[in-house]
Amino acid sequence: MIPILEALQVRSSQGRQFVPDVRAANPVGFRGLPVIDMNPCADGCTACVDDCPTNAIRLTPFALDLGSCVFCDQCARVCPQQKVKFTGGYRMAARTRDGLVMKEGVATLSAVEASDRIRQMFGRSLKLRSVSAGGCNGCELEINATTNVNFDAGRYGIDIVASPRHADGLILSGPITVNMAAALELCYAGMPDPKFVIAVGSCAISGGVFEHSSVLDRSFLGRFTPELYVAGCPPHPLAIVNGLLDLIGHADGKW
Amino acid sequence: MVPRTVLLRANDEIETLNYSGFRDRLASHLADGRRVLSCFGTPQTEAPTGPPVLHAIVLGLTGLEQFCGRGTPGDEFPSLSALYPQMHCFEREIHEQFGLSFPGHPWLKPIRYEGRNLGRMDDYPFYQLAGKEVHEVGVGPIHAGVIEPGHFRFMCYGETVHHLEIQLGYQHRGVETLLTKTPPRKLPPLVESIAGDTAVPNVVAFCRAWESLCGVPTRPGVEAVRGIAIELERIAMHLVGVGGLATDVAFLPGSSTYGRLRTAIINLSMRLCGSRFGRSWFRPGELRYPFGPKEKDDVRATLQLVRRDLALINDLFGKSQSVRHRLETTGTVPTALARDIGMVGMAARASGLTCDLRNELPAGVYQQHAMPLVTEPAGDCQARAVVRLREMDESLSWLLRVIEDLPDVGADPPALLKPRANSTAVSFEEGWRGEVMHAIRTDAQGQIAHYKVQDPSLRNWFGLAQAVRDNAIYDFPICNKSFDLSYCGNDL
């Protein structure tokens, strides 16, 4: 075949890949947002707490912290009351750490409120610098996927840039190791004002499965409170894109 | 009862030599050309600060072999690295963890800045080249893309790289300490986070080790689904790698098409187990999500579509002059060098080595359905790309065969929480990068006394350093992507 025809054949096999409306996508099978039934727990039962690898669950009243949760499904499987059910929900971002706590009888997390300051400055163009500080490459692959042909955050003016000098936001993944703490700090210092931090994934938000490691230094987050937390282990690209669109006050996700 | 990829022994059954006998045994295996899969240290139970107990795992003629070396204070262990360079990383790791000095080792550089080296990232003994026009280029730990951190320093003359130093350790999360002290029921999510792009082989290696320690036989139906998950991950990550190479050489049809084909594969994993990375799919003794006729149809339909479109883009990629011009003869590691420095996995097969545990020690579903060995002789970036393309084809055909011949999964056995006391299980799995090892040693109470993990990247990073020698510095991104190594897998 003539080479150009082969190239066209590949192009035609590609079709249209982008998710037309990231607000209304349906990632079939995704184990995402857990909803918690109002059923009371069985008397004295602590099965879910005993098995949770990241101590994400509090009883009385029952609450599940998505900032620690690794979505391993264990609590749902050991609960005799079917109290926890993981759904396909991917809207799992919040402006505050407390905003990631899922309570009984609610269907969603509270909506992410847009920041006027961020909307004003970055509403139509948001450039992000990704820093992995102990990330296992799960979050990194999903952050990368936000700009691929499927999720295509570029269409909303959101891009990941190569240099801190070009960045408005630092997108942090990983639990922040002692060995990476200084480089993370340097990178943030190298970004021009105004700037802010976004924490992506359980490790960045809470330490995740590495919370009790003795070789972390999470003091960076004490000094620079994130403007946005995106939950997941790793978060689905739809969770990241939707959280970012909410933060910058993008009216809808249609294209 | 125990799969061939697992070695299970009572601790006092493992042949234990003194350091000098251990060294001689290791040297004779190396001289015979046997594959030394791992060599690591554990603290002595009775004297934790004394000389470590050394463990060697060798691939012998009939399967895995393990032997130990016990030292007494003051014992010397003359380095084997000068004679057998592949030992360099093992000796460096033992030195960093236990302070054993290995007289004669060419350079006991830190592996991952743990223990007494923690936080001393500014203290790396970079190799120096002298000369008026020699210059150094430092890159990282933070790189231009969305990628894990590591520092590269190139010693260049003009655009030619004479030497590359790779400084790792930024990702060190204390994995082995955490694995040793975490209650077994809570281990799997941690195991899946050792290297998130290799979640499945890690958790499968852990499950097999744990099942062996608990005396529970593996079930063919579960083994088949584990194999399916491992091969889906291999295809997905090979697509990431080849797509990245296509991006780096500005071959845009490859960049977008490999990218969206990967999405199709990982979304299939998501439909099968809820996670695009195969997380939580497997637990010891347990297949957590059903794999029945509906799932089988989904796998078949998805893979057939992927196979059709993959053939089109592979053809275009393979014929493109501009791609071949960048990849051929770039970043070459000749066969003899790859063998000498102990390269493993996909990168080693691209240098003509035949190491692939799916072939050398076929277990589980790989026993019923052989996986053809893929090698390429050239050892350059093109060879690593072609090995990955060919492995994807083989995995696709294999998967389509395996799903038509699935044994019944059966019911899950009761929870497995009572491992044998005073025993060691060493378990291997051939992931997409290469062989992953999990070694669990229990104490007299049946608690985990030591948990050792090894990612293939530990051995292959030095291969990348060798590959870029005498190459132009602008080809480094291609070389790096072609090896596609794990930072956190090395740093643990």
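The legends below walk through several close-up views of this predicted model.

Local features need pLDDT of at least 70 and side-chain atom pairs count only at pLDDT 80 or more, while totals for chains, interfaces and linings use all residues. Residues are numbered from 1 along each chain as its sequence is written, chains are lettered from A and ligands numbered from 1 in the order in which they are written, and side-chain values use heavy atoms, with hydrogens and water left out.

**View 1. The six-stranded sheet of chain A is open and has mixed pairing.**
Follow the strands in the order β5-β11-β10-β9-β7-β8. Strands here are DSSP runs (E, at least two residues), helices are runs of H or I with at least four residues, and both are numbered from the N terminus. Two strands pair if DSSP finds at least two bridges between them. At the edges stand β5 (93-94) and β8 (158-160) of chain A, each with a single partner strand, so one side of each is left without a neighbour in the sheet. Strands β10 (residues 196-200) and β11 (residues 228-230) of chain A run parallel and are joined by three bridges. Look for A:Val200, whose bridge partner in β11(A) is A:Val230.

**View 2. Helices α6 and α9 of chain A lie across strands of chain A.**
Helix α6 (residues 178-189) of chain A lies across β7 (126-132), β9 (169-173) and β10 of chain A, and runs at about 165° to β7(A). Helix α9 (residues 237-247) of chain A lies across β5, β7, β8, β9, β10 and β11 of chain A, at about 160° to β11(A). Axes are lines fitted to C-alpha atoms, for helices over the stretch in contact, and angles run from 0 to 180 degrees between N-to-C directions. Contact means heavy atoms within 4.5 Å.

**View 3. A three-stranded open sheet in chain A has antiparallel pairing.**
Its order is β2-β3-β6. The edges are β2 (57-58) and β6 (101-103) of chain A, each with a single partner strand, so one side of each is left without a neighbour in the sheet. Two bridges pair β2(A) with strand β3 (residues 63-65) of chain A in the antiparallel sense. Here A:Arg58 has A:Ala63 in β3(A) as its bridge partner.

**View 4. The largest pocket has a volume of about 1,300 Å³.**
On a 1 Å grid over the protein atoms alone, a pocket is an open set of points with protein on both sides within 12 Å along at least five of seven lines, whereas a cavity is a set where a 1.4 Å probe fits but cannot get out; lining residues have an atom within 4 Å of a point. Grid points are joined across faces, edges and corners, and a volume is the space filled by probe spheres set on the points. Of the 42 residues that line the largest pocket, A:Asn144, B:Gly145, B:Val146, B:Gly244 and B:Lys481 are closest to its centre. Elements giving two or more residues to this lining are α5 (138-145) and β8 of chain A, together with α6, α7 and α16 (476-483) of chain B. The largest share, seven residues, comes from α6(B). The lining divides into 18 nonpolar, 15 polar and nine charged residues. Ala, Val, Leu, Ile, Met, Phe, Trp, Tyr, Cys and Pro count as nonpolar, Asp, Glu, Lys and Arg as charged, and the others, Gly among them, as polar.

**View 5. The second largest pocket lies between two domains of chain B.**
The domain assignment of chain B gives domain 1 (6-128) and domain 2 (175-491), with bounds from an automatic or database domain assignment. Their C-alpha centres lie 26 Å apart, and the contact takes 30 residues from domain 1 of chain B and 35 residues from domain 2 of chain B. Both domains give residues to the lining of the second largest pocket, so it lies between them. This pocket holds about 530 Å³ of space. Among its 25 lining residues, B:His88, B:Arg92, B:Trp107, B:Lys109 and B:Phe462 lie nearest the centre. The largest share of the lining, five residues, comes from α15(B).

**View 6. The largest cavity has a volume of about 180 Å³.**
The structure holds eleven cavities of 30 Å³ or more. The largest cavity is lined by 20 residues, with A:Phe30, A:Phe71, A:Cys233, A:Pro234 and B:Ser275 nearest its centre. By class, this lining has ten nonpolar, five polar and five charged residues.
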